[in-house]
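The following paragraphs lead the reader through one protein chain, beginning with a single residue and widening to the chain as a whole. Please keep the sequence and the three-dimensional view at hand while reading.

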Amino acid sequence: MTRDRFDFIFRHLHVNDNLDLQDKYTKVRPLVTLLNKKFLEFSPLEEHYSVDEAMIPYYGRHGCKQHIKGKPIRYGFKAWVGATRLGYVLWMEPYQGATTMCNPIYKELGLGASVVLTFCDVLISRGFDLPYHVVFDNFFTGTPLLKEITKKGLRCTGTVRENRTSSCPLITSKLLKKKERGAVDYRTTHDNTFIIAKWHDNNIFSIASNAVGINPKQSAKRFSQSEKRNIVIEEPHMVSIYNKYMEGVDRSDENISHYRIGIRGKKWYMPLLTHMIDLAEHNAWQLYKINHGKLDHLGFRRRVAIALIESNRKNAKEGLADPPIMNMLIVVKTK
């Protein structure tokens, strides 16, 4: 492809008109909807899934642009993402404040709970009556969320902030810190619906679950600053489950960041479009690996690029002019 043809396509690339003024991402909404549908259709059937936030780099001006201190990508668009343990993304929804496109029936539970419950509805829509296990961090977790997920027949585990435990009579963090490392205190509801626990690690670790409890405890290796050596402490089972399955979204972010498309444009939605291409390619690589593929991510990406080049090779003889530019214009139309 010649440079001028690429510039023409890139300049006129279009997904959708401003049809919904309430949706700040209406320019790319049809593509987000289509990819979510396809990602769910081809997703591997697993028990454990994680929900977390992901950042899409963007340094221009837009009302939805976020700044999150301490993240690898500090400036850009934030998206809520549901993924498997190895990073296959089933669902994503760009964050746009109060107008984020989550199920409105969960609005009174807050944004975090709405995001998780919307993803739970996505899992249930697959048509399999299975006890999916969803893992999330303390931004989302609260006792109302645990109750709603239990009503849906799903399982969940997540870290929880102390002010969201509905006055659960746990030992105070100050007293727990005085106990030996690995000490744990927990309480269950009267009907044993879910459990809330505190665990003494490097710091106090609060966690809640409606699926797993304290036992069987695992052995965890930690470095003791006072003894200047590695020690072994007891780790509750629910903490082991959280640590094992919570990193799915971060894994997908890391894999995409290694070979992210570096095209920059003046339109605010171009980073979103290029990120969706990266995300689709990453999910394809995940499916390739599940089917015992041997190529690493870079090798797979090269194979896809070569296949696209070969399948779109011009049949015209050398020296002839390129076909009309208008024939190469790619427009995604919505009805």
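This is a predicted model: local features need pLDDT of at least 70, side-chain atom pairs count only at pLDDT 80 or more; totals for chains, interfaces and linings use all residues.

Gly-82 is found in strand S3, which covers residues 75–83. Is Gly-82 buried or exposed? Its relative accessible area is 0%, and because buried means under 20%, Gly-82 counts as buried. Apart from its neighbours within four places in sequence, Gly-82 is in contact with Ser-50, Tyr-88, Val-89, Leu-90, Trp-91 and Phe-119. Gly-82 can also be related to Val-116: these two residues are 34 apart along the chain, and their C-alpha atoms are separated by 8.6 Å.

When neighbours within four places in sequence are left aside, the contacts of Val-116 are Val-51, Val-134, Phe-136, Phe-140, Leu-145 and Ile-149.

Not counting residues up to four places away in sequence, Val-122 touches Leu-40 and Trp-91. Trp-91 is also one of the contacts of Gly-82. A further separation may be noted for Val-122: Gln-96 is 26 residues away along the chain, and the two C-alpha atoms are separated by 20 Å.

The next topic is a pair of helices. Two packed helices are described by the angle between their axes and the distance between the axes. For helix H2 (residues 29–42) and helix H8 (residues 270–290), the axes come within 12 Å and cross at roughly 5°. Angles under 35 degrees count as roughly parallel, and H2 and H8 are therefore roughly parallel to each other. On the side of H2, the contact is made by Leu-31, Val-32, Leu-35, Phe-39 and Phe-42. On the side of H8, the residues are Leu-273, Met-276, Leu-279, Ala-280, Asn-283 and Leu-287. What kinds of residue make up this contact? They divide into 10 nonpolar, one polar and no charged.

Attention now turns to the backbone. Most residues other than glycine have a negative phi, and most peptide bonds are trans. The peptide bond from Asn-215 to Pro-216 is cis, with omega near 0°. Pro-216 lies in the loop that runs between strand S9 (204–209) and strand S10 (218–224). Asn-192, which is not a glycine, has a positive phi of about 55°. Asn-192 is placed in the loop between strand S7 (184–188) and strand S8 (195–200), and its relative accessibility of 59% means that it counts as exposed. His-292, likewise a residue other than glycine, has a positive phi near 65°. The loop between H8 and helix H9 (297–311) is where His-292 lies, and at 66% relative accessibility His-292 counts as exposed.

Another histidine, His-237, belongs to helix H6, residues 237–245. Is His-237 buried or exposed? With 19% relative accessibility, His-237 counts as buried. Leaving out residues up to four places away in sequence, His-237 touches Val-212, Gly-213, Ile-214, Asn-215, Pro-216 and Gln-218. Among these are Asn-215 and Pro-216, the two residues joined by the cis peptide bond.

The chain may finally be considered as a whole. Its secondary structure comes to nine helices and 11 strands. The chain has 335 residues, of which 45% count as buried. Along its principal axes, the C-alpha trace spans about 80 × 45 × 40 Å. Of the contacts between residues at least 6 apart in sequence, 58% join residues at least 24 apart. An unreviewed UniProt entry lists residues 1–285 as "domain: PiggyBac transposable element-derived protein". This span is 31% helix and 24% strand, and its end C-alpha atoms lie 25 Å apart.

Technical notes. Residues are numbered from 1 along each chain as its sequence is written. Side-chain values use heavy atoms; hydrogens and water are left out. Axes are lines fitted to C-alpha atoms, for helices over the stretch in contact, and angles run from 0 to 180 degrees between N-to-C directions. Helices (H or I, at least four residues) and strands (E, at least two) are DSSP runs, numbered from the N terminus. Angles under 35 degrees count as roughly parallel, over 145 as roughly antiparallel, 65 to 115 as roughly perpendicular and the rest as oblique. Contact means heavy atoms within 4.5 Å. Ala, Val, Leu, Ile, Met, Phe, Trp, Tyr, Cys and Pro count as nonpolar, Asp, Glu, Lys and Arg as charged, and the others, Gly among them, as polar. UniProt positions are given in the numbering used here, feature names are shortened, and annotations may be inferred rather than shown by experiment. Buried means under 20% relative accessible area, exposed over 50%, partly exposed in between (1.4 Å probe, protein chains only).
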